[in-house]
Amino acid sequence: HLNENLTNDTRDDRVLVNAVAQFIRDLMTDGYRQPDKELRNEILIILSMLAAEPENCAAIHESGVISLLLAAACSPEVSQPSDSETPGVKNFCTTKDEENYEMKRLCWSILSSLCVNDPSRLQLVVDWRLVYALLLYLRDSAHMATTGLIKWSEPHLLHLQRQALSTLFQLVPLEGMTDEYLKADGPHVVIQFVRQSFINTTATVGTLGRTLDTIYTLTQHEVNYRTTILLASLRFLSHTAKLLDLQTRYAEEDAVQLMVDLFCSSTSDTVKKSTIEVLSEMCAGHSANQERFRNADGIRPILDELVSQATVDQVLPSVLVLVCVGCLWNAVLPSSLSIASFLASGGLQVILQLIESCNPHLHPFLLGFLSDLVLDHRSHEYFKDWRSSQTQRPATKVILSIWEREEEARGVYNERGMIAN
């Protein structure tokens, strides 16, 4: 009867939403055959497209289908709220077959869109403890085994973990959801997940892995995807670090030391960039974390990386240089003790070396950092003593040469050496 409803009034989105909602109810209640599950997922795809448009959210909420979506998204991980009148999902919706795996992902995606587009109706999501259910997928395998979590295959579990992070990325910043994240011990769960994810990325093709009930041999795709999972978890940390007191809560889980260790241990520029972005967000405006960064010896490895980047052919601006200097800006410059450590480690010399050799597009950023650094009088002697390893020019001449090139590029002077009109 979907076609019949659409024929009656194709302009009324509520008609479409109600028809889709009724289909989902019927298929989740009685659709136990594989073709029924496939059709159910096709209808969920339509609903996901509707949920992506904010103007459809009210109609979706009024259709009453959200409770059923939450039941599918959270079962069997969490129990149904005691005051809920929604029938629980049938057992044929909670098996580990391909169709139910897709259903789980679709439900998470739809609920994420609805929450972002209409955050005024989050109470039902809170009641169903969706954030807690998502965090279960990031817990260690021993804990998963005690929660009634479906025993997904390794590829399915990896993709569900990535989608759980993506959904949390959307939900946690919303008003009231950060509290739910804290109540569910989210900072501890995510930091432990990052730690384990990095260990997992060190596995090589052909080694044995384990899910809740299966031992398997790692393929190249699975090894690569583990790195994708690690990057997704680091992106989530960077995105949420400045919410409420999460800077402090993450740091209490030793996140600063962990990020420094990951930066030192990783051979991937992408992973290094992501860890530095997390450190930068955690230290921004947070004096205790700036101290933790200094105590974790975070300055030295970043300077070593900048020295390495200075020797690379800079055809394009280096994003890694940008984030490393940005991290030093947030973690070092606000602290007198950290500036002293930075100068003693040769930090000013490294910045001047970068200014001389880097892509010109990075000059404004690096000169901005340098201008803030030299506000500290202790840097002046280092500045005066520095000489270029390439040309033996002092710092003042290197910086003035940049000034001259900029004036030439902008046509400040005419051919007679006078300021152009």
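I first looked up Phe369, which counts as buried at 0% relative accessibility; buried means under 20% relative accessible area, exposed over 50% and partly exposed in between, with a 1.4 Å probe and protein chains only. Before going further I noted that this is a predicted model, in which local features need pLDDT of at least 70 and side-chain atom pairs count only at pLDDT 80 or more, while totals for chains, interfaces and linings use all residues. I also noted that residues are numbered from 1 along each chain as its sequence is written, and that side-chain values use heavy atoms, with hydrogens and water left out.

**Aromatic pairs.** I counted six aromatic pairs, taking rings of Phe, Tyr and Trp (its six-membered ring) as paired if their centres lie within 6.5 Å, with planes under 30 degrees apart as stacked, over 60 as edge-to-face and the rest as tilted. Because Phe342 lies in helix 20 (residues 336-344) and Phe369 in helix 22 (residues 363-373), the pair ties together parts that are 27 residues apart in sequence; helices here are DSSP runs (H or I, at least four residues), numbered from the N terminus. Phe342, too, is buried, at 0% relative accessibility. Trp329, Phe342, Phe365 and Phe369 form one aromatic cluster.

**Core.** I found Phe342 again, with Leu130, Phe293 and Leu306, as the residues with the most contacts inside the largest nonpolar core, which has 132 residues; such a core is a set of buried Ala, Val, Leu, Ile, Met, Phe, Trp, Tyr and Cys residues joined through side-chain atoms within 4.5 Å.

**Charge over a ring.** Arg235 lies over the face of Phe169, at 4.0 Å from the ring centre, where the rule asks for NZ of Lys or CZ of Arg within 6 Å of the ring centre and within 35 degrees of the ring normal.

**Loop.** Which loop holds Ser120? I placed Ser120 between helix 6 (98-117) and helix 7 (123-127), and at 64% relative accessibility Ser120 counts as exposed. The C-alpha atoms of Ser120 and Leu174 are separated by 9.8 Å, although the two residues are 54 residues apart along the chain.

Note on methods:
Helix = DSSP H or I, 4+ residues; strand = E, 2+ residues; numbered from the N terminus.
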